[in-house]
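Please take a moment to look over the sequence and the model shown here before reading on. The paragraphs that follow lead through it step by step.

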Amino acid sequence: MSALSRFTCEETFRRLDDYLDRELTADEMRLVGEHLEICAACASEFNFEESVLTGVKRKLRQLDLPDDLQARVAAALVKASGS
Amino acid sequence: MTATKDIAGQGPTPVATPAQRASLGTGEFQVLLAQILPAAYGYALRLARSRADAEDLVQEAALNAFRGQRGFEAGTNFKAWYFRILTNCFWSKRRQDQRRPRSVDLDDTPDLYLYTRSAEHGLPQDGADPASLLLDRIGTGRVVEAIAQLPEEFRVASILYFMEDFTYHEIAEILGVPVGTIRSRLHRGRKMLQKTLWQGALEAGIVSAGQVEAEAEVDPPGANV
């Protein structure tokens, strides 16, 4: 594999957020993934950052949906359609 | 009130067909809306930070969407379209509301803030889910508060990202700004969020000079804020 077909730690780190959000091209995703397989330091950082994002999502998504919201919205739409 | 559950991030992305658009009646519109209502309420609640205001937002957006459904392009993302209307309703109310929460200015936050601070405090950084212990001890309430403290444009983009797993492109579509702007807001926003979370942990005594306090708050199962 030539040097051009590998990412350095710096090139990998620059793509951290986009990689975790799957916003890179397929080639970039592959190159970052390959770097993480051989670089424990970067892998540790990426793993931690992914864990933070996952944890924040999990906590923010714990919600109660009011039982009557659906019915109230439906009633409002029926009323609006008749007016 | 239903039992606490994860109501966000898993909703379908309904797409109205051209045939539906031509004859979208109240019932058909309701079917499309019903599929995304839990997600919409979750988004609205994190935006408005009040259950009553969130319910008002969802209902107002539903009425606006129903009345303006000719503006919906068949075959496109109904959920993104409705979320854009809901966001506009929020901005409209926001402009009239002078009681805005304090926001933080943390734009100089370095990368890997929590990772670095965790290392300095001897917290685990490896394993299947290394940040879970820290976030569990920080607690849902402080996570919600940390999001709320982000400057408004970072906060709204971040809520769309964390609550619904929208792509950058979808968030850009909802907020009507370029994708590059969303990328920047999300990346900077999560750095600010990490610093705010750490500050909250310090202020609450969850982390001290050397370790995670064993007696710190831990969310009970099913906790919701």
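Predicted model: local features only at pLDDT ≥ 70, side-chain atom pairs only at ≥ 80, totals over all residues.

Two residues are taken to be in contact if their C-beta atoms, placed from the backbone, lie within 7 Å. Chain B is divided into domain 1, covering residues 18–96, and domain 2, covering residues 113–203. The centres of these two domains, taken over C-alpha atoms, are separated by 25 Å, and 11 residues of domain 1 of chain B are in contact with 11 residues of domain 2 of chain B. On the side of domain 1 that touches domain 2, the elements giving two or more residues are α2 and α4 of chain B, and α2(B) gives the most, with 5 residues. By class, that side of domain 1 has 5 nonpolar, 3 polar and 3 charged residues.

Chain B has 10 helices and 1 strand, and, read from the N terminus on, its elements run β-α-α-α-α-α-α-α-α-α-α. Of the 225 residues in chain B, buried residues make up 42%. Among contacts in chain B between residues at least 6 apart in sequence, 73% join residues at least 24 apart.

Helix α2 (residues 26–48) of chain B and helix α4 (residues 78–96) of chain B meet at an angle of about 35°, with their axes 10 Å apart, and their crossing is right-handed. From α2(B) the contact is made by B:Leu32, B:Ile36, B:Ala40, B:Tyr43, B:Ala44, B:Leu47 and B:Ala48, while α4(B) supplies B:Phe78, B:Lys79, B:Tyr82, B:Phe83, B:Leu86 and B:Phe90. These residues of the contact of α2(B) with α4(B) divide into 12 nonpolar, no polar and 1 charged.

What is B:Val58 in contact with, leaving aside its neighbours within four places in sequence? Its partners are B:Leu37, B:Ala40, B:Tyr41, B:Ala44 and B:Leu86, together with A:Leu69 and A:Val73 of chain A.

Those last two partners lead on to the interface between the chains, where 32 residues of chain A are in contact with 46 residues of chain B. On the side of chain A that touches chain B, α4 (40–60), β1 (62–63) and α5 (69–82) of chain A each supply at least two residues, and α4(A) gives the most, with 12 residues. The residues of this side of chain A divide into 14 nonpolar, 7 polar and 11 charged.

Further along chain B comes helix α9 (residues 168–175), which is mostly covered, as 6 of its 8 residues are buried. The buried residues in α9(B) are B:Tyr168, B:Glu170, B:Ile171, B:Ala172, B:Ile174 and B:Leu175, and they pack against α4, α8 (152–164) and α10 of chain B. After α9(B) comes B:Gly176, whose phi is positive, near 70°.

Most residues other than glycine have a negative phi. B:Arg49, however, has a positive phi of about 65° although it is not a glycine, and B:Arg49 lies in the loop between α2 and α3 (51–67) of chain B. B:Leu112, likewise not a glycine, has a positive phi of about 55° and is found in the loop between α4 and α5 (113–120) of chain B. B:Arg49 is partly exposed, with 15 other C-beta atoms within 10 Å, and B:Leu112 is partly exposed, with 18 other C-beta atoms within 10 Å.

One residue remains for the end of the tour. The C-alpha atoms of B:Ile206 and B:Glu28, 178 residues apart along the chain, are separated by 50 Å.

Terms used: Residues numbered from 1 in each chain as written. Chains lettered and ligands numbered in written order. Axes fitted to C-alpha atoms, helices over the stretch in contact; angles between N-to-C directions. Helix = DSSP H or I, 4+ residues; strand = E, 2+ residues; numbered from the N terminus. Left-handed = near helix turned anticlockwise from the far one by under 90°. Nonpolar A, V, L, I, M, F, W, Y, C, P; charged D, E, K, R; others polar. Buried ≥ 20, exposed ≤ 12 C-beta atoms within 10 Å, placed from the backbone. Domains from an automatic or database assignment.
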